[in-house]
Amino acid sequence: MKIIISSLPNNPWWGNGTPQYEDNPAMVLGTQPNQGLLEREWMALSQMLTEKSLALDIIPFPSKLDGMNSNKWKHDFVFVRDLYVSNQRGDVVIARFREKERQGEVIIIEEWLMDQDVKVHTLPNDDNHFIEGGEFYYCSNENILFAGESRNSRKGNEKTAELLDVEDLVILRSNSFHLDTLCTPVFNSDNQLCLLIACTALLEKESVDQLKKMMHNRNIPILEIPPEEAIGTTGKLGSFAVNCLPLPGQLIGAAEFKSETVRTALTEHNITHSVVSLTQFHLSGGSVHCLTNEL
């Protein structure tokens, strides 16, 4: 398995200020990241991934997007998680965004993926099929696909599961724009799903009940965290601690978990939790999981 990240654009990322997405409370219209700090944080992330002895592939930021009408940007290629979903067995599904301004990104990533050793799948091109990679967590050992239904459509989730040959599709509804802003699976050193860290307060009740029943049947604990360790609440941005890259025996995130229950459980399961600061990426509502993807 390879880990994919994008390099930063040559021009300042959101140098003219961020846009405002309807359902992303982290983004405040016109916010300009500290570019020097942004570059240092990106470098720290890439160095950490390299130090973990992971196979890392850094995709050049597309020149087609860099600086082109930058005052009207609504694309976000650095968050490569959004662009496709992989089952880590050679199949990928290309995203289809509700946000039309981001569709240009998937054309570019599809061209790149066609040169990789994977089978590229696309969704039906209609108004019923939408997905973004940040709405998914895939558990390869169990062949489970957790899918959010905020930015994704139900038909998009179901078709993605079909194309990836998924055994269990678990659809979770929330008011949070991406599933990875409120939960993360945890895998032990054998790549088995052993824990689920989640802010269930951000999920709809029916989804919470479904999730608890499934995890109970599989004897997998759900570790509750408050919104402050997820995306946060309106008016108060969270730490994004839960937005992790989960790998066998380790989690890579951008903040420590304050919950003693979580910290104890990670220790008991021999999970190494590594932290890298990504404050400037949080201004766009993204963190480690958003900045990375798998092949």
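Where in the chain does Leu203 sit? I found Leu203 in the loop between strand 10 (193-198) and helix 4 (205-217).

**Ground rules.** I'm working on a predicted model, where local features need pLDDT of at least 70, side-chain atom pairs count only at pLDDT 80 or more, and totals for chains, interfaces and linings use all residues. Residues are numbered from 1 along each chain as its sequence is written, and side-chain values use heavy atoms, with hydrogens and water left out. My helices (H or I, at least four residues) and strands (E, at least two) are DSSP runs, numbered from the N terminus.

**Leu203.** Buried or exposed, I asked of Leu203? Leu203 counts as buried, at 9% relative accessibility. My scale: buried is under 20% relative accessible area, exposed over 50%, partly exposed in between, with a 1.4 Å probe and protein chains only. Leaving out residues up to four places away in sequence, I listed what Leu203 touches: Leu172, Arg173, Ser174, Leu182, Val208 and Leu211. Contact here means heavy atoms within 4.5 Å. I also checked Pro124, 79 residues from Leu203 along the chain; their C-alpha atoms are separated by 28 Å.

**Arg151.** Next I looked up Arg151, in the loop between strand 7 (144-148) and helix 3 (154-163). Arg151 is buried, with a relative accessible area of 11%. What does its side chain make a polar contact with? I got the side chain of Glu132, at 3.0 Å. The polar contact rule is a pair of N or O atoms within 3.5 Å; within protein, one must be able to donate a hydrogen and the other to accept it, and residues adjacent in sequence count only if both atoms are side-chain atoms.

**Helix 2.** In helix 2 (residues 103-113) I noted Glu105, Val106, Ile108, Ile109, Trp112 and Leu113 as buried. Looking down the axis, I see these buried residues fall within an arc of 160°, so they line one face of the helix. That arc is taken over the directions from the helix axis to the C-beta atoms. The cover over them includes strand 1 (2-6), strand 2 (55-59), strand 3 (84-86), strand 4 (91-94) and strand 5 (119-121).

**Positive phi.** Most residues other than glycine have a negative phi, so I went looking for exceptions. Phe240 has phi near 60° and sits in the loop between strand 13 and strand 14. Phe240 counts as buried, at 0% relative accessibility. Asn270 also has a positive phi, about 60°, in the loop between helix 5 (260-268) and strand 16 (272-275). Asn270 is exposed, with a relative accessible area of 64%.

The largest pocket has a volume of about 210 Å³. Of its 19 lining residues, I noted Gln88, Tyr138, Phe187, Pro246 and Glu294 as the closest to its centre. On a 1 Å grid over the protein atoms alone, a pocket is an open set with protein on both sides within 12 Å along at least five of seven lines, a cavity is a set of points where a 1.4 Å probe fits but cannot get out, and lining residues have an atom within 4 Å of a point. Points are joined across faces, edges and corners, and a volume is the space filled by probe spheres set on them.

**Cavities.** I count 2 cavities of 30 Å³ or more.
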